[in-house]
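Subject: Structure for your review

Dear colleague,

Please find below the structure that I am handing over to you. My notes on it follow directly after.

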Amino acid sequence: MSGPDPGFRPLTLTELLQDGPLADIEVHGPVGAAVPVTAVRIVDRLAALDEVRPRSAVVLTAGAAAAAWTVEMALRKAWEQAAACVVVSREAGLPGSVAELAGRLGIPFLVVPGDPLDAAVRIASAVARPEAGRTALIAGAARQIAGAGIRPARLLSALHAVLPATSVALTGPAGELLAGRAGALDPTDRTARVTVEVAGPGGEPLAVLTAGFRDRPAGWEATVREVLGLAVAPLTAWAATERLAAERDGRRASGLLAELLARYGDDTTAEPDGARRDPGERRAPVGNERRSPGADAPRDVLEDPTGDERRALGRAEPNPPETGAADPHDPLLAAAVALGWPLRGPFVVHAVRPFGPAAPDSGPPGPETGPLLAARWARAGTGAGPLIAYEGVWVAWESVADPDGAGRDPLARAERRLRAACSEPGLPAPSAGAVAGPVASLGGLGQALADAVAAVGVARPGTVVRADRVGPAHLLTALPREALRAPARALLAPLLAVDRDGSLLRTLAVLLDVGGAPSVAAARLGVHRNTVSARLERLRALGCDPDDPGLRLPLHLACRVQLDATEPEVPEDQAEPPEGEPAG
Amino acid sequence: MRIGIDVGRATSTAVLVDAAGRVLAEAVVDSAPRTGLCVRRALAALGPLPGPVGAVAVVTDLARRPPRPRPVAVLRIAPGSHAALAPLADRPEAAHTALGGLTGVVAGGSAVTGGSLGPLDRDGAAAFAGRARDAGVRVFAVCAAGAPARPGPELDAAAVLAATVPGASLSLSYETGAAGLRERENATAVNAALGGWAEELVADCRAALRSARIAAPLCFARDDGGLVSAEYFARHPVIATAPASACAARGALARTGLDQAVVVDAGARSVRCLVVRDGEPERSTRLLPGPFGVRLALGAPEVVETDGAEAAEVPATVARLLERVPGAGVLYTGGRAEAFGAPVGPGEPPAGDRERGTGRNVTRADTRTTGRTGAGADARTDARTDARTDVRTGAGADADPALHGRYPRLTDAARYAARADCRIEVEQVISAAGRAELDQALAAVRDHALSRCVAAGAAPGSVRIESLAHAPVAYLPAGVHRVTVRAAGAPAPGATP
Amino acid sequence: MTAPAAGRPVRALTVDDLEDLAVGARVLAAGTEESAYHVALDWAAAELAAHGPVPLLPVDRLPGTGLCVAVTLAGASAALAEQLPTGEEPVRAVRAVERVAGRAAEAVVPLNAAAENALIALATAARCGLPLVDGDGCGRVLPLLEQTLFTLAGVAPAPLALATPSGDVVAVESARGRVEDLVRPLVLASGGWAVAAAYPMDGARLASCLVPGTVSRAVAAGAATGRARFAPWRPRSLCRGRIVAVEQSAGAYENHENGAAGPLTGLPGGPAGGTAAAVPHGTLGGVPDRVPLPSRPTSVLVEEDEGLRRRFRLEAHNEILLVLADGAPAASLPDQILMLSRTDRRVLDVERAVPGTAVEVVVIEAPAAWYTPEGRALARTGSGGTR
């Protein structure tokens, strides 16, 4: 430095601590003050303390810091001389009472690892070039992060490399650890935390970066925030890349889903809404070989979630150990988050079955229909995640966690939205839809998907069914009507020949529907019981006796096929608004 | 199954515990003058035993029935010293008459570091033995300078004495171990003098066990708690002359789960207070007069004894002792604890009932002869208060409400003894040139302590070192260390008939 | 023996005074060797009984040209307890010094007036038929033969004579500074202790470097009880509080060879630069070849429960060497620093300090000569084992 520069601002203690010339440092006493540090004084005997100038960093050699009392005298002297701080080596092994005195006196007391002289040199160089020190950390961080690429594990390693004594974790929307150290999330271990939101490619919340660190001077938080911010763009890019790849190749997403279900979503032992395996599950993995190759960072066990979190994650009871548990570092979860798949229960599953070119009968949804459908789907605003080819249909699921919507039926809402989406004119083909759920967690996802796939199989184009309300009518309508139409006609030929207004056919169908009771059938048909009895006589005369056990099923099927061809039917439960949903 | 029997002045108590230390039966009976009779009564009151007994431990103070000591011939092996420092010179007159005045000094012994001070004067030792024999004394106490570092001269002299006086009873100072020639010599002389008492006591108690058809080994409690076998006790009675308060204190702590307290042991004739820290009764740092008023340094617990008539002094004593264990509570034990503010336990008869009739058979013993520092000794005698009703220890009992409800028990000492381990303590001076040699010497002391513990009745498989402390002796070259080792082990079942 | 000058009569110490002296001589000594102390007490009592009361010479009655000899126990008191004195040791040692000095001694002065040393000096005076000087050469307890105000005044300990209980007498004539090194092995070879007669000098010289009145002060203290027992030393209270922690100290008395100043050089009033003599290079652990101490370096933390509520750190090794109040030195060697129990005003042994105990930390000032740079250096490098 040549001469006093009018713009020269001396390094402050805060900057010295936060800008990283001293790594893995313990700080006692007051640390928030912007105390300027203008010099370094190495003290090897207590008498030298008399010559300490104000605003010096006093570094005690091993000899001068050999006992608690010598350090206490140094603290006192340094305080009297208005020194900036006192620095000792951790190797001195000083008792806590010394740090306590630093607190009493109000003088910053720094315990550094290794040789105190090494610390002295670092401080001296930072004091000589304060601006350099200030920007060095950020610049170094930018360089490291740029070099790390976009994979989360590598990004997190880079963050750990540039932020000394700080733990960083990347978590998904459900709080599940995607990369980094679980210690960052531990509320007891670290005293301070900084969180930075990572948005997905569409601006939606994708993940959260959390940094945890022990008590550090004011300003360190800002630095951490700044450095974490450098990692946001690469993480968004990572998500976009993943999604692009998934959309380009639908099979990739399908494979991922199968893997996800195999790991978490196939809990057949659990109660329908009870304990399920979960990505946030905190048990250590037992013999889980699917460890991320990039997981070189220390792996901490997640802290026990709060009661609310536990409920939200559907984690009421611990898992049976033999089913294995989620690896807190599962790269599968990271991939799922990148694709925008909801991971935080409870979930409602949507299934879509296009007819025509994209129909499931014509093989799995091909790449030719996928992108178009996916694009429409994203625009339709169902609230669910992206469509994934699964079991010959398209599926998606949405997170319905809604703390304020207690008592509402999430399935009804989903059904309404899906119906709107399925009837959208822009869809490449007429589609049928089904919704299933809700299930509390990923553990129930497999079952809900199966329910939805089964339900969508019985839905007719342009309709949406609820898996929990699929009745006999739905089942019957799921029959292959075209194939049955000719035999039905043959079976019912005598009847059809005389039934001009179709009343006999309807009466037969209803009688079969209600189990052969004329009075019930009369009520259903809106005619007098005697009328039904009379028609029944005629039907028997025509060879269509609904009480004949051998004929009952073929007749019932034939009726349905025949009626279906003439008057499309709407399930009766859609005649009125679903419970809980305001009418209109 | 084990039995602990506390033979006190007014009452004797017996406790039967199972192998896990659970109390199966307790009994409280009036004491008789003869210890054996007390043991017999207490065993009878326990009722029929559900199975074989592993060990019987007896707690009793010398002062309960002061014995007539045997005349002792004291032989010192050391260079000549000032007449004022001669054997017996520092003893009170009473001790002279009690122990007899036969003493001799012969050349030999070692310095504190173990270096020889010259060869043993064997002829002198033999001549002394002859004099003793002619005077009809067959009990010898032998104490050589430097014996804690080098016991050889004492062993050599013992051989000379035994050859001259066949059947002589010998006490050697190195087995007692204390530092300081005069105190060690005193302890050895007292030990020798009490041999008869100890043998009679053992025989008496054995007879009582036989009549109760109990074939278990017999143990006695030491002054600081812990047990030794009857054989060991008969050879080393000086370490077990006043165990009652320490046992009662340890029992009271075990009952409450505390590990530090000021314990008030309110007995029939006097109140004894002691400090227990980290589970151990606190030892005196000053030299205390022991049996016959002879000054000893055996590390016995410091017990402040107050005569029953001066019970008003007790609260002040307790307050003073509490300062030594900051934060500790006050525990009460003994038959008259209620009189000092301790709560009465459910099912316990009121103190007055227990006292009534129990004092009749008690030989009035002078409590001062137990060798405890009598805090009440200089106390004003006009402070005569009805201790039973008026006196409360304000310091501890009121300060810690948690201690209320911990009822004092008459059976604390017996309970402790029934569960206690055999323990011994060895003190030696070692000289070692370097670290390796020091470690070797320490290992030797450790082994010695373990074998002594087995000799004191512990089952060989169970003996362990409880503590080993060593410190360099001030102002001597590095390498001269004073070592104190404590070893303990469960009483060996059937080790003694 | 010089006849006392005219004026008030010289006091004579009787067996009764001995009782008080015995109590008073260890008021400040927390960890005396009990057995050795009783040996010295019984010995002195016997000599007084045999030879009658001993005149106690005040400083203004010293024989101006008469030879005075300082007497002390050399070696380990534990050894005194094991190998008992014959009673001839003092007279042999004094006679040996007389032979070297070429004239008869006229008074005996205790080298220090603490614990068994005061008693042995009294026994010596009685046995030799000489008066005892009311004063001593230290004014406080310091362990080494050369750590005296006599040394500071330029009086050499030699010619010095040692008499052992085995009957050996060794006279040492040596240049200053080597006496301790010569005496230690001699003492060890003789069983661990000896009576030393040293610092022969004229009464007038002695009067100029003596700490006067310490024997009568001890007698007065022994006769008093409670707070009055400490009054003769005029203790200054540093703080009243409670022990909050007891830490093992690293004993940071670093061995700084080559004359570099060690940490203690910064103590108040100390020689800031550190002269060669003031270098505290002997460490607490560094002198065990000469003086092993039975204790480890210990820090006792006391929190003041009144006033500023400062936190005091008492740095001790065998005795309390330094007191810091919130890091600022409040007292240090050669001050004598004591921790008293607030309930019964006993001196608390640092080894037995227990957190929670209510204590008062008091300072007793040492004689002024100890506060000179040379005095500090001599005290520090000797006391508590620092060389």
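In what follows, a residue is called buried if 20 or more other C-beta atoms lie within 10 Å of its own, exposed if 12 or fewer do, and partly exposed in between. Please bear in mind throughout that this is a predicted model.

Chain A

On that criterion, 47% of the 584 residues of chain A count as buried. The chain contains 19 helices and 14 strands. If one takes the contacts in chain A between residues at least 6 apart in sequence, 71% of them join residues at least 24 apart.

Two helix pairs in chain A share helix 16, which spans residues 503-513. In the pair with helix 17 (residues 518-525), the axes come within 9 Å and cross at roughly 125 degrees. Helix 16 of chain A is therefore oblique to helix 17 of chain A, and the crossing of the two is right-handed. From helix 16 of chain A, the residues making this contact are Arg506(A), Thr507(A), Val510(A) and Leu511(A), while helix 17 of chain A provides Ala521(A), Arg524(A) and Leu525(A). By class, this contact has 4 nonpolar, 1 polar and 2 charged residues.

The partner in the other pair is helix 18 of chain A (residues 529-541), whose axis is 10 Å from that of helix 16 of chain A, at an angle of about 100 degrees. Helix 16 of chain A is therefore roughly perpendicular to helix 18 of chain A. Here Leu504(A), Thr507(A), Leu508(A) and Leu511(A) of helix 16 meet Val532(A), Arg535(A), Leu536(A), Arg538(A) and Leu539(A) of helix 18. The residues of this contact divide into 6 nonpolar, 1 polar and 2 charged.

In soluble globular proteins, nonpolar side chains tend to be buried together. The largest nonpolar core in this model has 337 residues, and the members that touch the most others are Ala74(A), Val86(A), Leu122(C), Ala197(C) and Val323(C). Helix 5 of chain C (residues 115-128) gives the most to this core, with 10 residues. Setting aside residues up to four places away in sequence, Leu122(C) touches Leu13(C), Leu18(C), Leu21(C), Ala44(C), Val54(C) and Leu132(C). There is also a second, separate core of 91 residues, which includes Val198(A), Ala253(A), Leu333(A) and Leu449(A).

The contact between chains B and C

Chain B brings 36 residues to this contact and chain C brings 37 residues. On the side of chain B that touches chain C, helix 6 (181-193) and strand 19 (464-472) of chain B each supply at least two residues. The largest share of that side, 3 residues, comes from helix 6 of chain B. Its residues divide into 22 nonpolar, 8 polar and 6 charged.

Backbone features

One runs from Ala158(C) to Pro159(C), with omega near 0 degrees, and Pro159(C) is placed in the loop between helix 6 (149-152) and strand 7 (160-163) of chain C. The other runs from Leu333(C) to Pro334(C), with omega near 5 degrees, and Pro334(C) is placed in strand 15 (residues 328-341) of chain C.

Positive phi values also occur at two arginines. Phi of Arg213(B) is near 60 degrees; this residue is found in the loop between helix 7 (195-211) and strand 9 (218-221) of chain B. Arg213(B) is exposed, with 9 other C-beta atoms within 10 Å. Phi of Arg309(C) is near 55 degrees, and Arg309(C) is found in the loop between strand 12 (298-304) and strand 13 (311-317) of chain C. Arg309(C) has 12 C-beta neighbours inside 10 Å and so counts as exposed.

Among the residues that Glu304(C) touches, beyond four places away in sequence, are Arg309(C), Arg310(C), Phe312(C) and Gly241(C). Glu304(C) lies in strand 12 of chain C and counts as partly exposed because it has 18 C-beta neighbours inside 10 Å. From C-alpha to C-alpha, Glu304(C) and Gly241(C) are 4.1 Å apart in space, although 63 residues apart in sequence.

With kind regards

Key
Residues numbered from 1 in each chain as written. Chains lettered and ligands numbered in written order. Predicted model: local features only at pLDDT ≥ 70, side-chain atom pairs only at ≥ 80, totals over all residues. Contact = placed C-beta atoms within 7 Å. Helix = DSSP H or I, 4+ residues; strand = E, 2+ residues; numbered from the N terminus. Nonpolar A, V, L, I, M, F, W, Y, C, P; charged D, E, K, R; others polar. Axes fitted to C-alpha atoms, helices over the stretch in contact; angles between N-to-C directions. Parallel < 35°, antiparallel > 145°, perpendicular 65-115°, else oblique. Left-handed = near helix turned anticlockwise from the far one by under 90°. Core = buried A, V, L, I, M, F, W, Y, C linked by C-beta atoms within 7 Å.
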